[in-house]
Amino acid sequence: MSTFIATPSKAMTGFTLPDERLIRKALGIRLFEQRILRLFSEGRLFGTVHTCIGQEWTGVALAEHLRPEDTVFSNHRCHGHYLARTGNYAGLFAELMGREGGICRGRGGSQHICDSNVFSNGIQGGIVPVAAGIALAKKLRGGSDISCVFVGDGTLGEGVLYESLNLASLWSLPLLLVLENNRYAQSTSQAQTLAGCIDDRARAFGIRTLHGDTWDPVQLIATMGEAVDFVREARRPLFLRVDTDRLMAHSKSDDDRDPEEIAACRERDFLHRLQREEPGFVQPISAGLEAELDAAVRQAESTPPTDLAEPVADEGAVRWTLTGFEPHERVVHRIYAGLRAALEENGDVLLLGEDIEAPYGGAFKVTRDLSRLFPERVRNTPISEQAITGLSNGLALAGMRPAVEIMFGDFLLLAADQIVNHAAKFEFMYAGQVKAPIVLRTPMGGKRGYGPTHSQSLEKHILGVPGTRILALHHRFDPAQVYQRLLSDVVPAMPTIVIENKILYGEKASPDAVEGFRWFHSSHDFPVSYLRAEGRPDLAIFCYGGMLPDAEKAVDRLFAEHDIVAEIICPLQIYPLQAQPMLPLVQRSGRLLLVEEGHGFCGLAAELMAGLYELDRSLAMRRVYSHPQHIPSAKPLELRLLPDAGRIVDEALELLR
Amino acid sequence: MTPATPIALERENVNDEFVTLVKWFVGHGERVEADALVAEVETSKANVEVHASVAGYLVQAYPEGAEVPVPATIGQILEQPPTSPSFAGPIASAVAPAPAAGVPAPAAVVRAPAAAVPAASGRPAASLPEFAPVGEYRQRVSPVAARMIEAHGIPLSAFANKSVVRKQDVLDHLNPQSAPVASPGFAGRVAPGVARHAPADITQPYQAIRLSRMKQSEGANLAAGVGNAISSSVTVTCFTRGLRKILEEQDSSAPAVLIHEVSRLLRKYPSLNATYRDGTMLQYEEVNIGFAMDDGRGLKVAAFPRCDELSLTAITVLLRELTVAYIEDKLTPVQLANATFTITDLSGFGVSGFQPLISENQGAILGVGAEQFFPESPQGFYTLTLTFDHQLSNGRTAALFLNDLKDRLQSYEETAGKAKAALVCSSCYRTAAELRQVHHRLLLSADGYFCTICAQGW
C-alpha cells in the first residue's frame, strides 16, 4: 500500500513522516477530544468520556487497511477508532450530547457506538467473544472480510478474553485483536496487575503476534497492514500489541500518575513533537480542523435532546383457542424436532453448546444426531459459557440465528454479562440499528438428585431485563412449535432464554387435559395456557414450566378428594409476563394460588401477585415455593423442599379456608 | 265471584326485596272509601302510606309486622264483604293489578342507580373470551356430587352447562334461590376492611334487640359505601362571625347555601360526584345532592336532584318542603333516592367536627360542624370535613374542594353581612363605638379596617 508516503521536506529527526492526510486524521481526533473536554467543562455534555489522546494512531492505522465490510468492535475508549474510520464529528458530538442527531440517537453516548460497521461497548472483555462471533459469521459466509477488536492491557485481567482466544484459534476465525498497551488499568499500574509476558498469552493459544507502537506511526501503519493482510488471507486470528501512552486521565480528574512520567510521555508523543518541530506545518491544519469542529458542534446542537421513553408494548387483544398438536412424543423429542425443523428451514441457524454433538448428543440428549445431519452448523464448544454466549451475540449481530445450549441452568449466571450487558442492550443502545435474536436453551430445576449446583431454578435472577424474553417450556404447548417460531422471522427478533425443565424432558407432550377440563391457549406468540372447567371454579392455580405436572395432579386430587374445582393458568412466556389476560381468568373465582419451584423471595410468583393486586385488590392469593435453603442431593430431603402436588393441594385448601 | 281490586306494592328501590307492613288502618272485611288511608308500610328509605284506589271491603293478606316480598299485593278491595279469613297469604293475582291501586307514589319504579351510570367499557373482567361449548368437554362428577345426585334422583342433564360437577353445584340445583350470582369471593364483593371472618363470640350477657328495617338498611348502605371505598378525610376550619345567623336573617339558611355551593363545586371536582367499580370511576352525569336529616325520627337523606341547575331560592324552597315532609313523615321514596353526594350537618347538636361515612354508590360526603365562638368574641369557627374515596380522589383534590367551598361561604358571609356590618377592627373586632370610648379609632388599610390599638401593637 502506498497510503503513507513520506514527505521529504517535513522529515523529523529520526522519523519518516506519514502522509499529511493521515496527520490531519490523527490531529482531528485529538482536537475533537480536546473539544469534548471543553464542552464538558462548559456543561454542554452529560456523563463521562474516556479520551484516547496519545493513542490516536492505532485507530488511524487500522482504518487505513480496512474495507467497508470489515467490522471493528471497540471498547470504552472508542472515539478515535470510530472517527478514524468515519470522520463523523457531528454525529459523535450529538451522541455525546445526548441528542437525536447522534449516531445512536443519544442512547449509547461515549462508550456505546454503532455506525458504519464500528461497534463499541463499555464492558471490558465481553466484546471479544462478540467480535469473534462476527468473525465466525464472516468465515461461514465465505469471502475475505475480517473482524477486529480493540482491547486495552487492563482487559488482560478478564477471563472471557482467554475463552475467546481459545475459540478464535481453535476454530480459525478471521479475528484481529489489537491490544493498546498504555500500561494502566484506569489508575492501576500494569506492575500491579500483570504476570508474565503479554504476547505469550496469545501465543499460548497458537495465535501469531505482532508488535508496534504509536510513537512511530509509519512503522505502526505498516505493521497494521501486515496484520490485516494476514487475517484476511490466512483466515486465522492475529494478536497485535501496540505500545502507547494515554496522555490524559482514564476518564476525567482521575489521574494520579507521576507528572514527570506524563511529561516524558508527552515528549515522545508524535503529534506533540510535530507541533514543536514543525509548527508552520501543523498550524494551518489545526486551524482548518478547529473550524470543521465548530461547524460539527453547531450541527450537533441543532438537533433536539433525546427525550422519548420507549412505549410499553401493548399486550393486545386476546383470543383463546384449542391448539392441538401431534401428541404423545416426549418433550425431549419435540425439542429435537423443533430444532431440526429450524435447521432445515433456515441455513442461518446454528447450534452451539458443550457436548451437543453426536454420538453424545447433549447432556439431556436433546440434539442427538443433529451434528451428523448439519455438520458445520451443530458444534461442540469448550466449557466457556460466557464466550459461547458472546460468540452467539456476534453471530446474531451479523445476521445469523444461533441457539446455544447451556448444559445446566445453574451455569446461566456464567453467561449473565453477555445476556444483560450485551444481548439485552444492543438493540436499544444502538438505536434499533441491530437486533440480537440469540436463543439460549437451558435445563432448570430439581427432583433429579443432582445436588446444590445442578438443580436450581435460577430464572428469577435474569427475569425482568428489558429487551429480553424468557420462556418456560411445558408439555401442553408443543415445544417444537416454540423453537420453530423462535428461530424464524414470525416472532419479534430478540434475545430469548428458554427454560427447559429437566423433569419435563421425559413427559409426553400432548394437549391432554385433566378429565372434565380442557386446555386453551391465548393468541400470543408464546401463549398463556389455560386449563378451564365449564362451571364455577373455586380457585385458579398459576404455575409455569416444571411445576405444571404437579399442578395438574393437584387439580385432579382437589376435585376427586376435596370436591374443589381448580383451573390452571400456565404462561409459556414468563417475561415479559402477560398479566392482563390472566386477570379475568383469576376473577372467575377471585382466588389464585401461585406456584413456583424456585425460592419465593423476589420471585415470579411474588411479582405476578403484586401485579394482579394492583389490578384488582379484592383477589385472595397465596404462594407455594421452595423451602428457602439449598437443594441437597439426598432424595427425601430434596423432594420435601421442592413444591409438589401434595403441597399444592394443601395450600389450595388453606387458600379456600 | 266478586270483582277484586288488588292493593299492590311496587318495588320502589333496588335495595328492598321485602317491606314491612307496619299498620293496617282498616280492619279485615271493613268498609273503606276511595282514597282513604288503608295501611302503612316501611321500606328501607321511608314509611309509605297506602291508600285505597276504590271504595269497597278490605281483605288483608298479611298481618301487621309481616315482611312482604315486593312487588306484592298486600290485600284486596272487594265490592262485597269477604267471606274468607284474613292473612291468607300471598294473593294469586287473578285480576290484572289496577294501575291506580297501590302506593300513592309515582307509578314509575325507582330507577336503580347502577342503571343510571354509563356502562363500564373495556374492563378486562367484563369481557371474558368465548370458550368452547361444554359439549366438547368430558363431564366429570365429583364423588360427593355423584352420591348426592343419586340420592336426590337428579337427572344429569340438570348440569348440562358444567364440565365439572361437585357438591355446591348440586346444592345450587336443589336450592336455586341460594345460588350465588357470582362466585364467592369475587372481585369487589367482599369489602376490604370488612372482616371476612365471623366475629368472635360474645362473653357478656346481653339482650338482643332487632334493629328496625330502616336501621338495618341504613347500616347495609353504609357498609356497602365503606366497603367499596377507601375512605380518607380532610378537614378545614372556617372562621365566621355567625354565618348561620346572617343567612337566616337574609331569609336563607346555611344548608341551602351549602347545597347550592357544593352542587356548583361538584362540577369542578367530578371525582367527588362519582363512585368506584372494579378499577373504574363511574362519574355521575347529574349532581344530586343528598341532605341528611335526623331530628330523632330516623336518619333520612333527602335528595336534591340536579341541584346544580337550581337557583339558591329554588333550593331554599325545596329544602323547606323536604324538611316539612320529613317532620310530617311524608317523604316519598323518590324524594330519598338517587343522591350522588351527601351533605350531613350535625351543627344542630353542637358537634364541632366528625368524620362521616360514604354512602353506597357515592364517592364522597361532606360533614358540617356547628359554629363555635370564642368567649366574649363575635369571632368563631366551624369545620368542614370531607370524607372521600381515595380510589377516586386524593387529599389534594379534597383540600382544594374544601378551600373553594370555604372561600365561597366566606364570601357569602361578607356579602350578606356587609349590609348590616358595623365598622369593626378586622383584627380585634372592636367596633368603632367601643373604640371611641377608649379614645381610639379605626384606620382603613388595604385589608380592611384596623384599630389604632392593634396598629400600635405591631
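User: What does pLDDT stand for in a model like this one, and over which residues of chain B does it stay under 50 with 51 contacts beyond four places in sequence?

Analyst: pLDDT is the predictor's confidence in each residue, on a scale from 0 to 100, and it applies here because this is a predicted model. Chain B averages a pLDDT of 76, and 77% of its residues score at least 70. The stretch of chain B where pLDDT stays under 50, and for which the model has 51 contacts beyond four places in sequence, is residues 92-128.

User: How many contacts beyond near neighbours in sequence does the model give to residues 181-198 of chain B?

Analyst: Over residues 181-198 of chain B the pLDDT is below 50. Beyond near neighbours in sequence, the number of contacts that the model gives to this stretch is 28.

User: How much of chain B counts as buried?

Analyst: Chain B is built with 11 helices and 21 strands, and among its contacts with a separation of 6 or more, 63% come from residues 24 or more positions apart. Of the 458 residues in chain B, the share that counts as buried is 43%.

User: Is N288(B) buried or exposed?

Analyst: N288(B) is placed in the loop between strand 13 (280-283) and strand 14 (289-293) of chain B. Its relative accessible area is 6%, and since the cut-off for a buried residue is under 20%, N288(B) is buried.

User: Which backbone nitrogen does the side chain of N288(B) reach at 2.8 Å?

Analyst: Leaving aside neighbours within four places in sequence, N288(B) is in contact with several residues, including F304(B), P305(B), A339(B), T340(B) and F341(B). A polar atom of the N288(B) side chain lies 3.1 Å from the backbone oxygen of N338(B). The backbone nitrogen that this side chain reaches at 2.8 Å is that of R306(B).

User: In what order do the 7 strands of the open sheet in chain A run?

Analyst: Strand 10 (residues 320-321) and strand 19 of chain A run antiparallel and are joined by 2 bridges, with W320(A) standing opposite S522(A) of strand 19. Strand 19 is in turn joined to strand 20 (residues 528-533) by 5 bridges, again antiparallel, and these two strands form a hairpin with 5 residues between them. Across the sheet the pairing is mixed, and the order of the strands is 10-19-20-22-21-24-25.

User: Why is one side of strand 10 and of strand 25 of chain A left without a neighbour in the sheet?

Analyst: Strand 10 and strand 25 (620-626) of chain A each have a single partner strand. One side of each is therefore left without a neighbour in the sheet, because both strands stand at the edges.

User: Which helix of chain A packs on this sheet?

Analyst: The helix in question touches strand 21 (539-542), strand 24 (591-599) and strand 25 of chain A, and its direction makes about 155° with that of strand 25. The helix that packs on the sheet is helix 21 (residues 645-656) of chain A.

User: Which residue of strand 20 stands opposite F520(A)?

Analyst: Strand 19 (residues 517-522) of chain A is mostly covered, with 5 of its 6 residues buried. The bridge partner of R518(A) in strand 20 is R532(A), while the residue of strand 20 opposite F520(A) is Y530(A).

User: How many residues does the largest nonpolar core have?

Analyst: The residues with the most contacts inside this core are W57(A), F73(A), F93(A) and L176(A). Leaving aside neighbours within four places in sequence, W57(A) is in contact with residues including P18(A), L22(A), F270(A) and L271(A). A second, separate core of 44 residues includes L266(B) and I343(B), whereas the number of residues in the largest core is 181.

Methods. Residues are numbered from 1 along each chain as its sequence is written. Chains are lettered from A and ligands numbered from 1 in the order in which they are written. This is a predicted model: local features need pLDDT of at least 70, side-chain atom pairs count only at pLDDT 80 or more; totals for chains, interfaces and linings use all residues. Side-chain values use heavy atoms; hydrogens and water are left out. Buried means under 20% relative accessible area, exposed over 50%, partly exposed in between (1.4 Å probe, protein chains only). Helices (H or I, at least four residues) and strands (E, at least two) are DSSP runs, numbered from the N terminus. Two strands pair if DSSP finds at least two bridges between them. A polar contact is a pair of N or O atoms within 3.5 Å; within protein, one must be able to donate a hydrogen and the other to accept it, and residues adjacent in sequence count only if both atoms are side-chain atoms. Contact means heavy atoms within 4.5 Å. Axes are lines fitted to C-alpha atoms, for helices over the stretch in contact, and angles run from 0 to 180 degrees between N-to-C directions. A nonpolar core is a set of buried Ala, Val, Leu, Ile, Met, Phe, Trp, Tyr and Cys residues joined through side-chain atoms within 4.5 Å.
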